[in-house]
Amino acid sequence: MATAVKAEGYGHGLLRVARTLDADAFAVACIEEALTLREAGVDRPILLLEGVFEASELPLCARHGLAITVHHPEQVLMLERARLEYPLRVWLKVDSGMHRLGLQPETVAAIYRRLRNCPAVVPEMGLMSHLARADERDCAATLQQLQTFNAATAGLPGERSLANSAGILGWPQAHFDWVRPGIMLYGASPFVDSRAADENLRPVMTLSTRLIAINRLRQGEAVGYGGTWICPEDMDVGVAAIGYGDGYPRHAPSGTPVLVNGREAALIGRVSMDMITLDLRQHPAAQIGDPVVLWGEGLPVERIAQAAGTISYVLLCGITARVRVEAISTARPVA
Ligand SMILES: *Cc1c(COP(=O)(O)O)cnc(C)c1O
């Protein structure tokens with residue numbers, strides 16, 4: 001299992017996650033992330049999912065024992081020209097149909113043979129690809145990708161890897177030798193039509209704050225920037241100390257759920273940088289200092305993503321540096 005810890009461990013903190021998860025290997029998007037792990041003493045295998053962006057990164061990969069993806073003929077040339085202290089572990093990435101990164105399927109066997117004879121490369125190479133639509137349950141395109149991947153790599157020795165979280169949960173025939181879970185390890189569902197609990201996942205992150213003001217407003221008074229919410233009656237409006245400066249989505253509309261003292265309340269008005277406003281009509285006992293949960297335990301992040309027209313990945317990754325982390329819960333192992 002190569003655990004995706006890119007983008008600050010999906011917003012949970014790169015080192016915090018790397019030190020918490022007992023992964024066989026870590027997958028990152030760029031050399032900066034890999035070097036941060038190595039500098040902190042993480043000695044597990046690390047894979048650069050996009051490989052190197054320029055030839056000058058290759059000696060660093062050799063020195064720090066970083067495995068690289070090779071997805072473009074340009075990267076093959078870089079390796080053939082390189083003189084390295086140690087050969088690199090390489091994963092050949094096939095474009096099996098996503099059409100983002102990957103070698104053309106019909107070129108894979110020839111490139112495999114070239115790199116087998118390249119002194120900069122460990123001869124035992126891995127073979128990988130990425131699924132574009134694994135989050136759709138019955139998808140002909142995913143079956144086609146499997147077929148293309150199998151055909152392009154037929155007869156080539158080496159470990160194989162295809163599945164992200166959606167592939168792991170939805171497509172057993174895509175598991176092969178290495179799976180590459182990301183979002184599921186953080187306790188969110190990769191599927192558009194399910195929530196974490198449906199997949200037997202528990203949220204790792206709970207984003208919470210407190211009420212810092214409760215104001216009695218009169219019917220007709222407008223709340224917040226733009227005055228987009230008008231009180232339909234005299235009512236209590238709560239102010240919670242969280243906003244887009246913390247990573248709460250600015251485009252979350254009035255009606256987006258939050259938990260006040262563990263019970264649902266609705267966001268009203270615009271999200272500010274540091275604050276949001278809440279309809280407290282159903283919370284007559286609420287007091288300044290009471291806990292407010294934005295997502296996590298008791299409030300699936302998928303619901304907020306849906307309300308705000310985005311996906312849980314974006315919300316988790318968007319947590320900013322000023323948010324204080326109090327603890328990390330270790331996710332229950334999943335099959
Ligand atoms: C990010 C990434 C993953 C993990 O994806 P999830 O959907 O979070 O499970 C796997 N493989 C590659 C190539 C990735 O870039």
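Visitor: How is the 2.7 Å separation between Tyr313 and the ligand to be read?

Guide: A polar contact is a pair of N or O atoms within 3.5 Å; within protein, one must be able to donate a hydrogen and the other to accept it, and residues adjacent in sequence count only if both atoms are side-chain atoms. Here a polar side-chain atom of Tyr313 lies 2.7 Å from an oxygen atom of the ligand. This is a predicted model, in which local features need pLDDT of at least 70, side-chain atom pairs count only at pLDDT 80 or more, and totals for chains, interfaces and linings use all residues. Residues are numbered from 1 along each chain as its sequence is written, and side-chain values use heavy atoms, leaving out hydrogens and water.

Visitor: How do the axes of α5 and α6 cross?

Guide: Helices are DSSP runs (H or I, at least four residues), numbered from the N terminus. Axes are lines fitted to C-alpha atoms over the stretch in contact, with angles from 0 to 180 degrees between N-to-C directions. The axes of α5 (residues 73–81) and α6 (residues 108–116) come within 10 Å and cross at roughly 15°. That makes α5 roughly parallel to α6 (angles under 35 degrees).

Visitor: Which residues make the contact?

Guide: Val76, Leu77, Leu79 and Glu80 of α5 meet Ile111, Arg114 and Leu115 of α6 (heavy atoms within 4.5 Å).

Methods:
Helices (H or I, at least four residues) and strands (E, at least two) are DSSP runs, numbered from the N terminus. Angles under 35 degrees count as roughly parallel, over 145 as roughly antiparallel, 65 to 115 as roughly perpendicular and the rest as oblique.
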